[in-house]
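I opened this model to look up its helices, its core and a few single residues. My entries follow.

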Amino acid sequence: MAGSKATFDGTDRFEEPVFSAVIRPHRSLSPQGFRIVMMLVCLTSLVASIPFIVMGFWPVAGFFGLDFLGLYIAFRVSYRQGDAFELLELTPIRLLFRKVSPKGEVKDWQFNPLWTRLDRTIDDEYGMQQLALTSRSDHVVIARDLSPPERETLAEALGRALADVKRGY
């Protein structure tokens, strides 16, 4: 191992992550909350459709059922989209950005940390709107699923880690 320093456990210190983050889309409703909401919507639809059935307007009950089905499908699609994530991993010799789609498709970008910078697009009223990794001709937008304050926090932490790597770790 000429030219590289090994740690006590035998791993190369240049392969150890200096910074690592997993970015997932925010889901405000837990699975238990989803079940509760769906039971309440079902119960409300059932109770609201009873007078229409009694009056002989039974097709109205079907439309209440369609509303319930539409809401259920929308929540399921939203939860499936929540399976997507982004991974940022910085070592002294590379910066890996991995984007995993809800279907499990993986796309990787690797950057040399010495040539990589963070580009920020900031709106005075709304905060940081976009964060991107730029290295030579490569430009990749990251952290799309974060809110502007969360994006700013990530940018500060990743910026410090990149600066540490550039100074020699």
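I take helices (H or I, at least four residues) and strands (E, at least two) as DSSP runs, numbered from the N terminus. The model is predicted, so I kept the cut-offs in view: local features need pLDDT of at least 70, side-chain atom pairs count only at pLDDT 80 or more, and totals for chains, interfaces and linings use all residues. Residues are numbered from 1 along each chain as its sequence is written, and side-chain values use heavy atoms, with hydrogens and water left out.

**Helix H1**

I checked the length of H1 first. The expected span of a helix is 1.5 Å times one less than its number of residues. H1 covers residues 31-54, so its 24 residues should span 34 Å; I found its end C-alpha atoms 35 Å apart, which agrees. Just after H1, Gly-56 has a positive phi of about 95 degrees.

Next I looked at burial. I call a residue buried under 20% relative accessible area, exposed over 50%, and partly exposed in between (1.4 Å probe, protein chains only). In H1, the buried residues are Gly-33, Phe-34, Met-38, Ser-45 and Ser-49. What do they pack against? Their partner is helix H2 (58-81). Contact here means heavy atoms within 4.5 Å.

**H1 against H2**

I read an angle of about 170 degrees for this pair, with the axes 8 Å apart. Axes are lines fitted to C-alpha atoms, for helices over the stretch in contact, and angles run from 0 to 180 degrees between N-to-C directions. H1 is therefore roughly antiparallel to H2. Angles over 145 degrees count as roughly antiparallel, under 35 as roughly parallel, 65 to 115 as roughly perpendicular and the rest as oblique. Among the contact residues are Val-41, Phe-52 and Ile-53 of H1, and Trp-58, Phe-64 and Arg-76 of H2. The contact residues divide into 18 nonpolar, two polar and one charged. I count Ala, Val, Leu, Ile, Met, Phe, Trp, Tyr, Cys and Pro as nonpolar, Asp, Glu, Lys and Arg as charged, and the others, Gly among them, as polar.

**The nonpolar core**

A nonpolar core is a set of buried Ala, Val, Leu, Ile, Met, Phe, Trp, Tyr and Cys residues joined through side-chain atoms within 4.5 Å. Which members of the largest core, with its 22 residues, touch the most others? They are Phe-19, Leu-88, Leu-133, Ile-142, Leu-154 and Leu-158. Strands S1 (19-23), S2 (85-90), S3 (95-100), S6 (127-135) and S7 (138-142) and helix H3 (148-167) each supply at least two residues. H3 gives the largest share, six residues. I then followed Leu-158. Leaving aside neighbours within four places in sequence, Leu-158 is in contact with Phe-19, Leu-88, Leu-118, Leu-133 and Ile-142.

**Two positive phi values**

Arg-136 sits in the loop between S6 and S7. Its phi is near 55 degrees, positive in a residue other than glycine. Ala-143 lies in the loop between S7 and H3, and its phi is near 60 degrees, again positive in a residue other than glycine. Are they buried or exposed? Arg-136 is exposed, at a relative accessible area of 65%. Ala-143 is buried, at 0%.

**Lys-166**

Lys-166 belongs to helix H3. Lys-166 counts as partly exposed because its relative accessibility is 41%. Beyond neighbours within four places in sequence, I found Lys-166 in contact with Pro-113, Leu-114 and Thr-116.
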